[in-house]
Amino acid sequence: MTQVIVDAALVDRGVSLDISVPAGSVTAIVGPNGSGKTTLLHLVAGLLRPTSGSVRVGDRTLSDTGRVVPTHRRRVALLTQRSSLFPHLTVLENVAFAPTASGASRAAARVRALQELAGVGCADLASRRAHELSGGQAQRIAIARALAGDPLVVLLDEPMAGLDVAVATEIRHVLAERLRGRTALFVTHEVLDLWTIADRVAVVDAGKVVESGAVEDLLIRPTSTFLAQLSGLTLLSGVECDGDLEIAPGVLVQGLSDPGQPLTHGGRGLAGIPPEAVALHLQQPGGSPRNVLSAVITSLEPRGAVVRVRLDVASQQLAADITTQSVGGLGLHPGQAVWAVVKAVQVRLYGR
Amino acid sequence: MAVPAGLAALFLAVPLIAMFGRVRWDDLPTLLSSPAAVDALWLSLRTCSASTVLCLVLGLPLAMVLARSRGRWATAGRILASLPMVLPPVVAGLALLVALGRRAWLGRHLSVLGIDLAFTTAAVVVAQTFVAMPYLVVSVEGALRSAQDEYEVVAATLGASPTTVLRRVTLPLAAPAIASGVALAFARALGEFGATLTFAGSLQGTTQTLPLEIYLARESDRDVAIALSVVLVVIAAGLIAVTSVFSRVRGTSS
């Protein structure tokens, strides 16, 4: 089994990446555009050489400041948004490319290629050429081609980005099945990919890995704004106070304590609040068990049937998804003071 | 738009139609079998084949190097490699004479080694290669550069060494461009006149290629000149057909 350990910097790209991917783990790489996700993949593939640090796969050092193992000797496959099937070869010859390049006999390469094609459900397309395939078929075949070379590490750079939703769903299913048990780094923007394909996730921001861990831990109990957004939550941070979270002096948020990572007495903690659980009132409502927070509207963003209302609550950010009718009925506008109401059962409190 | 377009087509077609009208088809076999004509045909065929092979052997590596190069030197190289395309052929011939002629700077050193180029069949090949190579280099370089990044990187991640990438990806992808480059270079070599006359002269059977023979015969025996011209037109048309077939292949496969 092969783990990947990257601790490498590239000065001119402003990145200094430090990540370790356990053997057999699919680690999703998420982060804002231009944060260094693709650079990380290219460092592992040997398409970029680090200005300092090293890239290790298993017990081999692939790059350090002294020497760089060329891409073709790394056994690292790369899948991108473009399937890049060789146009002069048939589908079968494309998939047999890696086995033949590594010295397998034509017959053995063919057997292997047919196996991989069957694995992605494309055995019937063996004699086609790239221009005779749909986008989804081409991407399935690119997956088969990448895996036919028995790569030690699979690198995926948003392989579903160019496809429509239905096709992306199919490809997601194929990847979930074919990547199981392999070591992979998977750059994505889709939270669904994290749940279905990855078991770990790392957040890259401004050229650094700022957070990493198991998908369940990080998405259920996100600690960064980026992951919170990805998992559809907004976060309020504060300090534990009698089982509640005090987000500002005298402002308490009640919720359910997460047994996986409970608040500690007097310790720092977070409240994860889904925007659809937040209601807005013009007058302070009574009753409990509900959180009633004084808020000021900072902006309104239409999103289909709902409007995401961004709020300032005790100098922190909260979001509420309100139907368009309600926004009109309440006459909501930026700068307005409102009451944000959340049921305690829909707030999850956890330590950080 | 239709009127000027029609005029242009007419303008290109009329001279060829006129020439085909003047051909004495019945006497064509006799006209083409005169010793001077046979010598010229045979010489053109040999020299053009040789120069096309030279263009391929020397021009293909040059195109590959240029396709991989960036920066000021690469630009200079590209200009140099395409210069003979726009240079007047007489100037090309003169340049060759000045460099490789018997008493010339490089020619003298070659003479010492027993190699005399000027006014030999070899000089014809040199002149043809000089003017024809750019056609191959330019057409292949463009194709190589467009194929490069994407497919070569993918091949490397699939474990292909640089030589395997060249053999199984780069060259096959460039094959249609190479074929049309070869056809263009052959056509250009076949039509070569000015540089050949200047650098190699016009000796029957040694340096007198088809275009030279046509030029000489147009006064003395116009029927032979026209018969040989028709042969050239047919070959040229065939070569253009070849290149258009290959460019269509390229269009559907990428």
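**A sheet and its surroundings**

Modeller: Let's start with an open sheet of 6 strands in chain A, ordered β13-β12-β11-β15-β21-β14, with mixed pairing. β13 (251-253) and β14 (256-257) of chain A sit at the edges with a single partner strand each, so one side of each has no neighbour in the sheet. Before going on: this is a predicted model, so local features need pLDDT of at least 70 and side-chain atom pairs count only at pLDDT 80 or more, while totals for chains, interfaces and linings use all residues. Residues are numbered from 1 along each chain as its sequence is written, and chains are lettered from A and ligands numbered from 1 in the order in which they are written.

A word on terms: helices (H or I, at least four residues) and strands (E, at least two) are DSSP runs, numbered from the N terminus. Two strands count as paired if DSSP finds at least two bridges between them. Within our sheet, strand β11 (residues 234-241) of chain A runs antiparallel to strand β15 (residues 268-273) of chain A, and 6 bridges join them.

Now for the domains, whose bounds come from an automatic or database domain assignment. Chain A is assigned domain 1 (4-226) and domain 2 (233-351). Their centres, taken over C-alpha atoms, are 39 Å apart. The contact between them involves 4 residues of domain 1 of chain A and 8 residues of domain 2 of chain A, where contact means that C-beta atoms, placed from the backbone, lie within 7 Å. The domain 1 side of chain A that touches domain 2 of chain A has 1 nonpolar, 2 polar and 1 charged residues. For those classes, Ala, Val, Leu, Ile, Met, Phe, Trp, Tyr, Cys and Pro are nonpolar, Asp, Glu, Lys and Arg are charged, and the others, Gly among them, are polar.

β3(A) pairs in the parallel sense with strand β8 (residues 184-187) of chain A over 4 bridges, and A:Thr27 stands opposite A:Leu185 in β8(A). Another 4 bridges join β3(A) to strand β9 (residues 200-205) of chain A, also in parallel, with A:Ile29 opposite A:Ala202 in β9(A).

Most residues other than glycine have a negative phi, yet phi of A:Ser84 is near 50 degrees and phi of A:Glu158 is near 45 degrees. A:Ser84 is in the loop between β6 and α2 (91-95) of chain A, and it's buried, with 21 other C-beta atoms within 10 Å. A:Glu158 is in the loop between β7 (153-157) and α6 (165-178) of chain A and counts as partly exposed, with 17 C-beta neighbours inside 10 Å.

Overall, chain A has 10 helices and 21 strands, and 44% of its 352 residues are buried. Chain B has 11 helices and 0 strands, with 39% of its 254 residues buried.

Finally, where the chains meet, 20 residues from chain A and 17 residues from chain B take part. On the chain A side, β6 (76-79) and α3 (97-101) of chain A are the elements that give two or more residues. That side divides into 10 nonpolar, 7 polar and 3 charged residues.

Notes: Two residues are in contact if their C-beta atoms, placed from the backbone, lie within 7 Å. A residue is buried if 20 or more other C-beta atoms lie within 10 Å of its own, exposed if 12 or fewer, and partly exposed in between; C-beta atoms are placed from the backbone.
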